Amino acid sequence: MAVPIRRNIEFAVLNQEKIDKLHEKSIYLMEKVGMKITGERVTTLLLANGAQLGEDGRIRIPRAMVDQAIQSAPKEITLYTRDGEPAMVINSEHQVYFGTHSDQLELVDPVTNTVRQFLKKDIKTMCKVADYLPNIFFVLSVGMTADVDPKVQSQSTFIETVKNFSKTINFSTNDIQALQEIIDIAADVAGGLDKLQAKPFIFNYCEPIPPLTHPLESTEKIYISAKNRIPFVYMPYCMMGGTSPMSKVATLAQCNAEALTGLVITQLVSEGAPFIYGAMPSVFDMRTSIGSYAAPEFHLNIAAMADLVAYYGLPFYGTAGCSDAKVIDEQAVAEATFEIFSTMLSKANLIHDVGVMDHCKSVSPELVVLANEIIEGLKHYTAGIDVAEDEFALDVIEKVGPGGHYLTEVHTNKNFRKIWYPSLFSRKMNNEDFSEVSRKIKDKIADILENHEVPKLDAAVLAKLEKWEQKLGL
């Protein structure tokens, strides 16, 4: 069972002066520079509510529309398990929830130690591992299985995920049609669209195309999600020097303008529709031409955006626990740990891409298990220091006195379990001269796959999913 992670200490990258300035520059981009937005029903809505279409074809969105959208968007969203139990409450209470993938282009295979194409059968592996781990709250169902027709990959992956995962499902789709079908599939699982809206166990993920472009595929996905009132992430992926300026603050301003445009559209389609603000302000590596998932600038920028979004009072969707490395090595461990530490100290709420490697080409079950251990340890760091009167234990110190010890004290017996005892890392008196962590991770995965049972769906729900599979030709 996933246990909520609450942080009692956090840092700030942006102070109020910087937040105000960044917000103003973003409004300038929306009001004066404008966006390229396509999709007739979205552009019609924008123009009918105060936006202006310039001779250059760009749509300019005034400050008042942004202010109204920020005001009307929910400041708290509750996401549920597949069975309708509350799983994540996303608000200003500084709780953080991590998630991984149920599929990806490639899999770092924990059995063969090779990187290979991700296949439909691997969804069950990723889902069972994520379902078991207490610090993984959701999976991202992408639709990238190599052995499934691309036309129905998104739907196929979602069905396999909902069969094999009992927690919350974040999903994205290859096309517009797949989005509505997945919402319909989820409604069948929930017992109707009204029940899905009341207790959403899904939330959708979509991106614009930086710089300043919102294509039909993106605007229609916004429209469909908002119309169905399904929680929705809109997440610009801005790469400094590539799709945004080679400047951190300029990239933040552009990224913010793009995300706020998605927010405005969402609220115009359905006022009060649940919106989750996402941002990936990374770097374009000039030596390799990749968009880095582990650059320190990226994760500093994420923390900065979390500050800005906390100012708006909106839920924030971040990134951590991933690596640009191909396999789990010293680089992967260092990058994943640094990112998790950074994001747990920031104001981010939902954190995706745990276990993603090779700048988002693959996913590693082993890195997910390792990240779960890292998160568990850092929970004890971010818990902070409690200064309640009984925590000082002055009577115990007085009793033991100078030169004594606390090993046999009742206070020790009652409280020693409060500290963290790792399950993968070693604190032996005498350590082996080789690392045991890799073997422990592989053993853990093998044990999960053999013994962990994901709660089964009701027979009537399984019958509905089977009809969907027949309809889709799966």
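**Figure 1. Glu391 and Lys418 form a salt bridge between two loops.** Glu391 is partly exposed, with a relative accessible area of 38%, whereas Lys418 counts as exposed at 51% relative accessibility. In these legends, buried means under 20% relative accessible area, exposed means over 50%, and partly exposed lies in between (1.4 Å probe, protein chains only). The model is predicted: local features need pLDDT of at least 70, side-chain atom pairs count only at pLDDT 80 or more, and totals for chains, interfaces and linings use all residues. Residues are numbered from 1 along each chain as its sequence is written, and side-chain values use heavy atoms, with hydrogens and water left out. The side chains of Glu391 and Lys418 meet at 3.7 Å, N to O. A salt bridge is a side-chain nitrogen of Lys or Arg within 4 Å of a carboxyl oxygen of Asp or Glu. The pair links distant parts of the chain, 27 residues apart: Glu391 lies in the loop between α12 (365-382) and α13, and Lys418 in the loop between α14 (410-415) and α15 (437-451). Helices (H or I, at least four residues) and strands (E, at least two) are DSSP runs, numbered from the N terminus.

**Figure 2. Glu409 and Lys399 are joined by a salt bridge.** The closest N and O atoms of this pair are 3.2 Å apart. Glu409 is in the loop between α13 and α14, while Lys399 is in helix α13, and the pair links distant parts of the chain, 10 residues apart. Glu409 counts as buried because its relative accessibility is 14%. Lys399, in contrast, is exposed, with a relative accessible area of 62%.

Figure 3. A search of the whole structure finds 22 salt bridges. Side chains of opposite charge can pair when their charged atoms come close.

**Figure 4. A nonpolar surface patch includes Leu394 of helix α13.** Ile385, Val387, Phe392, Leu394, Ile397 and Tyr406 make this patch of about 660 Å². Patches are made of residues with over 30% relative accessible area and no salt bridge; like charges are joined within 9 Å, and nonpolar side chains (Val, Leu, Ile, Met, Phe, Trp, Tyr) within 5 Å. Accessible areas come from the Shrake-Rupley method with a 1.4 Å probe, and for residues only the protein chains shown count as cover. Leu394 lies in helix α13 (residues 394-400) and counts as exposed because its relative accessibility is 57%.

**Figure 5. Strand β19 pairs with β7 and with β18.** Strand β19 (residues 350-354) is mostly covered, five of its five residues being buried. Two strands pair if DSSP finds at least two bridges between them. Strand β7 (residues 95-101) runs parallel to β19 over three bridges, and Ile351 of β19 is the bridge partner of Phe98. Strand β18 (residues 316-319) is likewise joined to β19 by three bridges in the parallel sense, with Leu350 of β19 as the bridge partner of Tyr317. From β18, the chain crosses through helix α11 (residues 330-345) to β19 in a right-handed β-α-β crossover. Right-handed means that, with the strands pointing away from the viewer, the path from the first strand over the helix to the second runs clockwise.

**Figure 6. Four strands form an open sheet with mixed pairing.** The strand order is β9-β8-β21-β20. The edge strands, β9 (115-117) and β20 (356-357), each pair on one side only. Strands β8 (residues 106-108) and β21 (residues 362-363) pair in the parallel sense over two bridges, and the bridge partner of Leu107 in β21 is Val363.

**Figure 7. Lys163 lies in helix α5 and Val437 in helix α15.** Lys163, in α5 (residues 153-164), is partly exposed, with a relative accessible area of 27%. Not counting residues up to four places away in sequence, Lys163 touches Arg82, Leu457, Leu462, Leu465 and Glu469; contact means heavy atoms within 4.5 Å. Lys163 and Arg82 are 81 residues apart in sequence and 9.6 Å apart in space, C-alpha to C-alpha. Val437 is partly exposed, with a relative accessible area of 21%. Leaving aside its neighbours within four places in sequence, Val437 is in contact with Leu370, Leu424 and Phe425.
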